[in-house]
Amino acid sequence: MALFGGARDVSMFRGISRELMWDVIVQECALYKFRLEETNVNIYGEAAEEKYYEAPMLLNTLIDRQDQSTPNSDLGIDFAGGRTFKFLRDDLAGVEANGSGKIGVVVPEVGDIIWYENGYYEIYNLINNQLFVGKDPNYPNQDDNNYNPYGNSDLANFGYDVSIIAETHYVPADRVGISEERLISSIKHVK
Amino acid sequence: MAVIPIYPGSSSFFPGDTPFGFYDNQIDFQVDADKVVTYVSRRLGYPIMDVELQDLNFYAAFEDAVTTYGNELYAYKVRENYLSIEGSPTASNLNHELITPNFASVVRYTEQYGEEAGTGGTTTWYTGSVPVTAGQQDYDLKTWASESLGLDNKDFIEVKRIFYEATPAIVKFFDPYAGTGTGMVNMMDTFGWGNYSPAINFVMMPLSFDMQKIQAIEMSDQVRRSQYSFELINNNLRIFPIPQRSGSMHIQYIKLSERNNPISKYPEGQYNVTNVSNVNYCNPDYCEINSIGRSWIFDYTLAVCKEILGYIRGKYTQVPIPGAETTLNQSDLLTAATSEKEALVTRLREYFDETSRSNLLAVKAAEAESLQKIEAAVPYPIYIG
């Protein structure tokens with residue numbers, strides 16, 4: 001039986017994080033989920049025509065910003081500047097989209113677009129490796145009868161998968177083809 | 001995903017919400033409980049910041065504060081009156097009793113001085129009869145005690161008085177052969193009344209004359225005769241003079257086991273105050289605590305809540321947030337809570353001490369002295385007759 005990192009402790013951590021992210025720091029971004037099934041691809045797996053995205057979901061996040069740069073290339077002066085968006089994993093697990101009453105789980109994936117301060121950032125890497133006390137309660141090592149050979153039948157109540165961190169790079173708006181009027185911001189978190 | 005709720009901004013007290021329930025049924029406590037929650041939560045930053053406490057934590061702190069206040073109050077009362085309370089029945093609840101100072105404990109302590117002087121105390125003086133054998137000067141009192149008194153092997157006696165004395169001088173007061181030169185016959189002869197009966201005395205003598213005459217007889221016996229005396233060294237009693245005939249010699253003694261027994265005797269079945277822990281003060285009635293006391297309680301509740309919150313926020317030094325860790329203010333909370341609690345208790349004790357009997361009497365005396373000085377400055381009227 002584990003002793004530290006129980007559900008009560010995690011509940012407080014979640015509260016602290018939400019207080020920081022929602023009420024103190026308050027950095028927001030919108031996530032455009034890529035709709036793979038509606039996007040036509042060529043033989044190389046690239047989008048052959050338009051890309052399709054889900055309606056944006058406004059999320060609270062913590063953002064690391066790299067300095068902008070303007071590298072020269074054969075095409076001229078470019079613009080670069082990556083952003084790292086850190087999401088509280090539990091925030092993504094309870095999202096109600098557009099007042100639909102349907103609460104779902106948002107899973108950022110490589111290729112999704114994040115809109116932040118009128119800029120578009122494409123996710124090129126996801127880090128899901130912040131486990132409190134080194135445990136993820138989603139993996140309690142039990143069979144269907146909650147049996148664990150070491151008697152640790154309550155591992156589902158210990159540990160905390162804290163965050164999903166999305167590393168992105170800047171994408172010019174003309175490449176993603178998302179027009180501003182498509183933005184929807186009526187997303188709310190469910191505590 | 002377990003969600004443990006924290007203080008939502010309001011609370012509603014019900015009896016049973018405190019750990020001990022000492023005051024749950026007291027109306028004022030019920031009314032104040034939720035007000036205290038509001039007061040403390042706002043002092044801790046709510047609603048600007050979350051307070052990771054539940055109403056039960058606030059209630060526990062509130063109960064703790066009331067109990068601490070009562071403890072300090074009644075501990076002070078015990079300190080103030082313990083000499084008067086010690087030995088009284090424990091059955092009496094003293095919360096609402098006016099304690100009248102008494103000398104019970106003082107007399108109990110001083111009885112022991114009288115006991116050693118043979119005029120009181122709690123140890124019995126026994127009388128014993130030691131057989132005296134003609135021609136034997138030394139007597140082993142330990143042997144006598146073990147054989148005659150049936151003392152326990154571990155017990156001892158302490159001899160208080162030995163009645164081996166000469167005949168009192170007063171017996172010889174009128175003895176014409178006493179050899180003191182102050183016999184009544186001589187005196188009457190001196191005044192020319194020798195032909196009168198010796199039983200008739202026409203001269204009123206001062207008492208000092210009698211005393212000096214008795215002392216003269218004693219001195220004469222001591223110098224000219226075999227004076228009765230004794231030595232008691234260790235267990236051996238040596239008597240002087242060596243007895244010429246057998247008989248008994250009386251002594252008075254105590255048993256050391258009785259003198260060494262510190263346990264006072266009380267009526268059977270009655271429990272008495274024997275130490276500060278069983279002085280019968282109960283938790284205070286919150287409804288009777290005045291605004292001065294309640295204000296202290298509110299502040300102490302705040303300090304206790306800071307302490308609880310500090311422990312909660314400090315269980316883990318670093319709290320994980322997405323992509324980083326943060327440190328909360330547990331250190332500040334615990335430091336503030338400790339110093340505030342200490343300051344509050346110190347302030348309360350000083351306040352109580354200022355109202356102690358000795359301090360109040362000193363203030364009263366100073367006040368009387370000042371009044372006298374002030375009145376002395378008032379001009380005296382001059383009467384012209």
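In what order do the three strands of the open sheet in chain B run? The order is β2-β5-β4, with antiparallel pairing; strands count as paired if DSSP finds at least two bridges between them. Helices (H or I, at least four residues) and strands (E, at least two) are DSSP runs, numbered from the N terminus.

Before going on, note that this is a predicted model, where local features need pLDDT of at least 70, side-chain atom pairs count only at pLDDT 80 or more, and totals for chains, interfaces and linings use all residues. Residues are numbered from 1 along each chain as its sequence is written, chains are lettered from A in the order in which they are written, and side-chain values use heavy atoms, leaving out hydrogens and water.

Back to the sheet: β2 (138-140) and β4 (229-233) of chain B sit at the edges, each pairing on one side only. Five antiparallel bridges join β4(B) to β5 (residues 236-240) of chain B, and Ile233(B) stands opposite Asn236(B).

Now for where the chains meet. Here 26 residues of chain A are in contact (heavy atoms within 4.5 Å) with 19 residues of chain B. About 2000 Å² is buried between them, 68% of that from carbon and sulfur atoms; buried area is the accessible area (1.4 Å probe) that two parts lose on being put together, summed over both. Met12(A), Ile16(A) and Glu19(A) supply 25% of what chain A buries against chain B.

The rule finds one salt bridge across this interface (a side-chain nitrogen of Lys or Arg within 4 Å of a carboxyl oxygen of Asp or Glu). Lys315(B) and Asp9(A) make a salt bridge at 2.9 Å, N to O. On the side of chain A that touches chain B, α1(A) gives the most, with 13 residues.
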